[in-house]
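Please look over the notes below alongside the model. They cover salt bridges, helix packing and the chain interface, in that order.

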Amino acid sequence: MSLISLKDIYKIYNVGGEEVRALDGVNVTIKENEYLAIMGPSGSGKSTLMNMIGCLDTPTTGLYEFEGEMVNDMDDNQLASIRNRKIGFVFQTFNLLPKATAQHNVEIPLIYGNVRRDQRKSMAAAALESVGLGDRMHHKPNELSGGQRQRVAIARALVNNPSIILADEPTGNLDSKSGREIMEIFDALHEAGNTIILVTHEDYIAAHASRTIRLFDGKIKEDFSKVA
Amino acid sequence: MFSLFIENFRISISAVLANKMRSLLTALGVVIGILAVTLMGTLISGLDKSFEKSMEFLGKDVIYIRKYEWFGDKEWWEMRNRPNIKIKHADVIRERSQYAEYVAPISEWYTSVKRADDDINGVRITGTTDTYAMISTAEIEKGRFFSKTENRSGSHVAIIGKDIADNLFENENALGETFQIGNYTFRVIGELEKQGKFLGMFSLDKQIIIPIGTHRRLFTRRGWSGINVKVDGTQLDNATEELTALMRQLRHVRPTEDDNFALNRQDPFKEQYSMIKLAIGGTGFFITVLSLVVGGIGIANIMFVTVKERTREIGTRKALGATPKMILMQFLMESITICLFGGLFGLALAWGGSLIINQYFPSEMPINLALTALGLSMLVGVISGLAPSYKAAKLDPIDALRYE
């Protein structure tokens, strides 16, 4: 059974009376434990597609099914809930809360998920352990390196045991060494059975994935799977 | 939901502490508002207390027959030309009035008293009869009032107020001791309980009561006189009418002429006082409302700034699963927290202020008012935080995440 199914997805904006088709009839199916890279030049619609998959946005027309749930018809609360439970976000700029410790940052999705405090603490600690930051739990973001910050963000994405991890240019703000480390973590997460979707315009990042989708002008130009 | 509440509170506290100066300046309107309302409350409570006590001294069932009106629109120089109140009319009133229960003539004179090296200037020397004890609300603390016989015989006996006892007879039993009023020697037979100040103006304890015969012989030619009449409290208006008629008759006032005397009662004090209270309350209320409104606008403004500054944080939180309502609550909580801090700060200042006020006249900060004030400051937080929080809640997560 497919985890994510996008059928005939259109996202149309009206910019100054002109119709802009950010997504122009996209069809994608993503299965469990896939390792997918979404690529494309800027303006190709890859951000829009990522937002769509991440349930931050809903299509103008088309059907989006996430684990059998229809995302099209969801209101803001339902979208928030599905993001909270099923999607782990990793951003290019980490987006950590500057005043909170690593542990507290990782706890945030659990707070919105209404998880009890003691359980929250141990889940956050476990997630930080799993990205190798067990000894940095009580550090604040400004006391951590860029790579470490992104690892906190990955821990935050993982902590809720999401169905997919959605990473938007996760190495874009990192030096190559830290970037490699981050990619190793993603590879390991994939090995462990997670579904990972990377948005990137770097071929060597996309090379980690087993499947690559290239977008151009809102359409899928290429959908290529490596033979394992 | 509880953990979310704690989280929101945590965020609010850290946001307020991270911008201490900004928070304080923002909350200044609330601080001033709360300060105004509580200080006003304290002041009024103190005034109430002092007023009640002063009115107790006057007694609500006593009519004071005097040359001068206590209140009214008559010019003082018109009243000055009135004949003095004659002491002997007290006897006539006692005989002829149906409503008068007790009648006591009063003569007053201010002079100095002394004993050995101690002396006090400007002591009120009241000459009256033994009936005064039945009219006055001040209790004799030690000793006794003078008797009818002592009154008639013009004895040099005195009942002294607390100030006199404290100053002339420090740590001593004054009863039976002698002292000087002017050049005359008097013996202390009684001590009055402490009465405090009359409307905060002059001390009721700096007083000596002596028999009226003695008083007239020694001082009255220069002082003023009056008659205090205690009546049945339920018949006050009837009694006033009767006494007016009686006094007009005694003083030969023609039907076409105005009264040339005054029947004073405590009720005009009450009217005056409620007007003063209304004025203080009104002013305080006005200042409070004004500063809370201005403060509220300031808080709304700073909350809009905060929401703007933290747009990316809002986007991140939404991506991580915060619903619009959760975001709304977060910023509402922050706004309430700022106001609450402001309110507490204002209360702390007011508490200090009330201690100072208390130095001058006894008062206390009303607890209910303090709690109401805190509630009020939270309400300001809710109202002024509503629009910015709503804006935050409605932000599109994609735009918010992209915001630089």
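1. The side chains of B:Lys194 and B:Asp205 form a salt bridge, at 3.7 Å from N to O. A salt bridge here is a side-chain nitrogen of Lys or Arg within 4 Å of a carboxyl oxygen of Asp or Glu. The two residues are 11 apart and link distant parts of the chain: B:Lys194 sits in the loop between β7 (184-192) and β8 (197-198) of chain B, and B:Asp205 in the loop between β9 (202-203) and β10 (207-211) of chain B. Over all chains, the whole structure has 36 salt bridges.

2. On provenance, this is a predicted model in which local features need pLDDT of at least 70 and side-chain atom pairs count only at pLDDT 80 or more, while totals for chains, interfaces and linings use all residues. Residues are numbered from 1 along each chain as its sequence is written, chains are lettered from A and ligands numbered from 1 in the order in which they are written, and side-chain values use heavy atoms, with hydrogens and water left out.

3. In chain B, the axes of helix α1 (residues 2-18) and helix α13 (residues 324-360) come within 8 Å and cross at roughly 50°. Axes are lines fitted to C-alpha atoms, for helices over the stretch in contact, with angles from 0 to 180 degrees between N-to-C directions; helices (H or I, at least four residues) and strands (E, at least two) are DSSP runs, numbered from the N terminus. α1(B) and α13(B) are therefore oblique to each other (under 35 degrees counts as roughly parallel, over 145 as roughly antiparallel, 65 to 115 as roughly perpendicular, the rest as oblique). The contact (heavy atoms within 4.5 Å) involves residues including B:Phe5 and B:Phe9 of α1(B) and B:Met329 and B:Phe341 of α13(B). Its residues divide into 12 nonpolar, 4 polar and 1 charged (Ala, Val, Leu, Ile, Met, Phe, Trp, Tyr, Cys and Pro are nonpolar, Asp, Glu, Lys and Arg charged, and the others, Gly among them, polar).

4. In chain A, the axes of helix α3 (residues 102-112) and helix α5 (residues 146-158) come within 8 Å and cross at roughly 30°, which makes α3(A) roughly parallel to α5(A). From α3(A), A:Ala102, A:Asn105, A:Val106 and A:Pro109 meet A:Val152, A:Ala155 and A:Arg156 of α5(A). This contact has 5 nonpolar, 1 polar and 1 charged residues.

5. α5(A) also packs against helix α6 (residues 176-191) of chain A, with axes within 9 Å and a crossing of roughly 20°. That angle makes α5(A) roughly parallel to α6(A). Residues in the contact include A:Ile154 and A:Leu158 of α5(A) and A:Ile185 and A:Phe186 of α6(A). By class there are 6 nonpolar, 3 polar and 2 charged residues.

6. At the chain interface, 24 residues of chain B contact 24 residues of chain A. The two chains bury about 2200 Å² between them, 59% of it on carbon and sulfur atoms (accessible area, 1.4 Å probe, that two parts lose on being put together, summed over both). B:Ala319, B:Leu320 and B:Ile398 lose the most area on the chain B side, together 26% of what that side buries. The count of salt bridges between chain B and chain A is 0.
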